[in-house]
Amino acid sequence: MPNVNERPICHRAEDLVTYLYGEASEADAKDFSLHLQQCNACRGEFGVFQQVHDSILVWRNEALGSAFNPAVRPVESAVELTRSVRDGRRLSALAALREFFTVSPLWLRGATAFAAVLLCALGVLTISRSWNRPVQVTNREPAVFPNSEREPKYSKQEVDEAVRAEIARLKEQQTSAPVNKGLTTRKPTGGDRRNQLANNLVRPKALRPRGLSRQEREQLAKDLRLIPRDEDELPFVLSDEPNQ
Amino acid sequence: MDLATNDEQMVERALSGDPEAFGEIVRRWERRIFALAFGMLGREEDARDATQETFLAAFRNLRGFRGDAKVSSWLHRIAVNQCITRQRRAKVRGETALEDEAEKNAAVFALPLDSSPARTAEKIERSMAVRRAVGSLPPDLRQVIVMKEFEELTFQQISEVLELPLSTVKSRLYTALRQLQMRLQKFGD
């Protein structure tokens with residue numbers, strides 16, 4: 001390529017580029033064509049500029065030839081982008097979020113996506129756990145409600161059946177027990193009392209303990225005879241009256 | 001109905017709430033804007049990003065569009081500004097050497113397989129040199145040469161886009177060609 005570092009002496013530089021890019025009118029083109037034949041500076045520059053122009057065209061065709069094949073992507077993405085912004089006028093938070101993701105670096109997008117997935121997983125886990133949580137209806141024996149862990153709800157009929165079974169069991173226990181067991185002197189403990197209270201709550205009226213036996217009644221009568229019937233028969237210990 | 005009239009009508013429709021109107025403007029102009037951005041920035045990814053940002057900025061400022069200018073001129077101005085801003089940021093970050101290498105590798109894959117290795121290497125080197133030469137031009141010269149060579153705009157259109165006198169556009173193009181020749185001459189030596 002010839003060197004054109006020096007400024008051209010010719011003053012028709014603008015006409016030169018107009019002619020080079022084919023924008024000169026027919027008359028101007030003819031005029032400049034004649035000028036080129038006479039002006040060495042313009043002729044030299046014209047040749048050099050033509051080479052530069054060709055080089056740029058080669059580069060453009062190479063680059064845009066490969067770049068324009070996926071050119072559909074810029075169109076779609078640009079349209080999509082503007083659409084998201086348009087919607088963003090109504091949903092500004094969503095638009096801001098999208099814009100944030102557009103301008104944020106890759107690592108930040110990845111971290112946010114991971115956090116979102118984690119949050120969703122936690123949410124699902126929490127919901128599933130709350131659905132499977134057992135409902136404690138009663139603290140009764142597991143024999144009566146064997147499946148209470150899995151089936152917390154019972155129908156009225158099931159409850160009635162369980163109560164009847166419990167009554168029958170108690171009745172059976174009572175009939176097989178010794179008769180004067182009730183007068184044993186063992187002091188009932190707190191746990192016994194609680195059990196008794198609980199049993200009384202459940203037990204129907206017919207199953208309540210019957211009255212004292214004959215032997216018990218006699219013993220009770222003896223004990224009661226020790227107490228005088230009238231106050232006069234009471235032995236004098238102290239007078240309530242003041243000493244005179 | 002000519003294209004320019006349609007563009008202005010599309011803007012009006014977009015402003016009145018037509019959701020498809022701006023999409024149509026994008027479809028019409030994205031190729032040219034992409035070519036401009038590619039010429040200015042020299043990389044496909046950057047050009048794609050700049051194209052998106054251009055239309056995004058245009059959409060945001062749709063209400064600020066003056067009816068006395070053409071939509072195409074308005075879009076080109078936004079695109080040029082986007083490219084200049086991006087290049088300044090890239091310069092601050094010092095993104096040159098690695099990108100050149102990546103560009104070189106991309107160019108190798110873009111060339112046809114039947115090229116001889118020597119010829120392929122020469123083509124790549126030449127393209128790289130042109131790209132570097134264009135990229136090293138001052139922005140005011142680069143935008144003129146890119147609009148002319150990549151978009152094939154007329155001098156009149158360039159003067160409208162850049163709001164410069166016609167003679168200024170021509171003198172800038174002349175200067176740009178001279179500077180390019182000098183830079184490419186270094187490569188040829």
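**Note on the two chains of the model**

1. Glu163(B) is exposed, because 9 other C-beta atoms lie within 10 Å, and a residue counts as exposed when that number is 12 or fewer. This residue belongs to a predicted model, and its place in chain B is the loop between H8 and helix H9, the latter covering residues 166-188. Its backbone deserves attention as well, for phi of Glu163(B) is near 55 degrees, which is a positive value in a residue other than glycine.

2. Glu152(B) is exposed because 12 other C-beta atoms lie within 10 Å of its own, and the exposed class takes in counts of 12 or fewer.

3. On confidence, chain B has an average pLDDT of 81, with 83% of its residues scoring at least 70, whereas chain A has an average of 69, with 49% of its residues scoring at least 70. For the model, the scores are ipTM 0.78 and pTM 0.53.

4. Two stretches of chain A should be read with care. Over residues 69-78 of chain A pLDDT stays under 50, yet the model has 16 contacts beyond four places in sequence for them; over residues 237-244 of chain A pLDDT also stays under 50, and there the model has zero contacts beyond four places in sequence.

Note on methods:
Residues numbered from 1 in each chain as written. Chains lettered and ligands numbered in written order. Predicted model: local features only at pLDDT ≥ 70, side-chain atom pairs only at ≥ 80, totals over all residues. pLDDT = per-residue confidence, 0-100. Contact = placed C-beta atoms within 7 Å. Buried ≥ 20, exposed ≤ 12 C-beta atoms within 10 Å, placed from the backbone. Helix = DSSP H or I, 4+ residues; strand = E, 2+ residues; numbered from the N terminus.
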